Amino acid sequence: MNYEHALDAALGKLHEEGRYRTFIDIERRKGNFPHAVWKRPDGTEQDITVWCGNDYLGMGQHPVVLEAMHEALEATGAGSGGTRNISGTTVYHKRLEAELADLHDKEAALIFTSAYIANDATLSTLPKLFPGLIIYSDALNHASMIEGVRRNGGAKRIFRHNDVAHLRELLEADDPAAPKLIAFESIYSMDGDFGPIAEICDLADEFGALTYLDEVHAVGMYGPRGGGVAERDGVMHRLDIINGTLGKAYGVHGGYIAASDKMCDAVRSYAPGFIFTTSLPPVVAAGAAASVRHLKTDQGLRDLHQERAKVLKLRLKGLGLPIIDHGSHIVPVMVGDPVHTKAISDMLLEDFGLYVQPINFPTVPRGTERLRFTPSPVHTPKEVDGLVHAMDSLWSHCALNRQEMAG
């Protein structure tokens, strides 16, 4: 086989379809978020405003977080020194797990190097703990959940997105005695819609199923203490396993599950993705714990976040742009073509200094390509004005270009 030709063909296909992913080099500016510096390929620099970051609340530069990380760095040095089983468990890891267990009102929590690994490792391990387990997975679950379900070797059922009636049909068709687990999300990040948590919990109770909820795009931002949509809706106690991230609203790095003490102990003891990987550096664990602790009481930051998102959606709707609005903080603007999506993204960056990454297949279905804006409390009204002005200008320009191409 000519390996070089195979690689050329694979990459060429992405270029031809207009969905080759380009990464720009940026340097975030401490104390000046959401501003950053774009390091151009030619060596020059340009000041930009980031509109697609997942540091939803700006906690990655919050003084409380930075102070905790500085203290841990001085106390412990850089790395953790090993896996959790072999010298990699410190007081910082235990404090973080205690904060997370308290956040979700669970007996225990278990931290991983990312939320992706937490999903993959946990969902691929559960059939070892419950032989014959059938996992019912929402069709739009995150890739990490899909991979975990795929790799576990057990039975799986895919129910149509947020379709509780279809989920019931699948549950009714299976052996009542078989162990079951329903895996779904609280907020689906590409459309920003909410999962029907209470209704799914009702089905789980009826059919004797465990529940697994991914709250990655909700923890820190929803609920009176940032426990997520399940906390906001008063149903957190009905979830058996909650997955979350420390790299989005909490502004640091890592992922976790929160569950019963026995569940966490079993996953800790059987999941290769936990057992055989170096643990988070103590400095990261310290920063994450400080962030979780702070956001348990900072409702003002959550309120301002929701206000910024609401204003941006109203402004973009006022321009007639095709946005999706399910009431969450995520603001997708539908373009529907990978080439045009990339073109608008490039022009926003080059002409206006606004950075938003195009979202293409396979992250979203073909024909639903989009720009996904994530306004935060540290995006000022002036910056919202700048984005709205840029989108108004570019959308009209691109619409004319599309008409010319069609003609």
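**A strand inside the fold**

In this predicted model, strand E11 covers residues 241-245, and five of its five residues are buried, so the strand is largely enclosed by the rest of the structure. Buried here stands for under 20% relative accessible area. In a regular strand, side chains alternate between the two faces of the sheet. In E11, Ile241, Asn243 and Thr245 point one way, while Ile242 and Gly244 point the other way. Both sets are buried.

E11 pairs with strand E10 and with strand E12. E10, made up of residues 209-214, runs parallel to E11 and is joined to it by three bridges. In that pairing, Leu213 stands opposite Ile242 of E11. E12, residues 255-259, pairs with E11 in the antiparallel sense over four bridges.

Now the whole protein. Its secondary structure comes to 14 helices and 16 strands. Of its 407 residues, 51% count as buried. Among contacts between residues at least 6 apart in sequence, 70% join residues at least 24 apart. The C-alpha trace spans about 60 × 55 × 55 Å along its principal axes. The radius of gyration is 22 Å, which agrees with the value near 22 Å for a compact globule with 407 residues. The protein exposes about 17900 Å², of which carbon and sulfur atoms supply 54%.

Terms used
Residues are numbered from 1 along each chain as its sequence is written. This is a predicted model: local features need pLDDT of at least 70, side-chain atom pairs count only at pLDDT 80 or more; totals for chains, interfaces and linings use all residues. Side-chain values use heavy atoms; hydrogens and water are left out. Helices (H or I, at least four residues) and strands (E, at least two) are DSSP runs, numbered from the N terminus. The radius of gyration is taken over C-alpha atoms; the globule rule is 2.2 Å times the number of residues to the power 0.38. Buried means under 20% relative accessible area, exposed over 50%, partly exposed in between (1.4 Å probe, protein chains only). Contact means heavy atoms within 4.5 Å. Accessible areas come from the Shrake-Rupley method with a 1.4 Å probe; for residues, only the protein chains shown count as cover. Two strands pair if DSSP finds at least two bridges between them.
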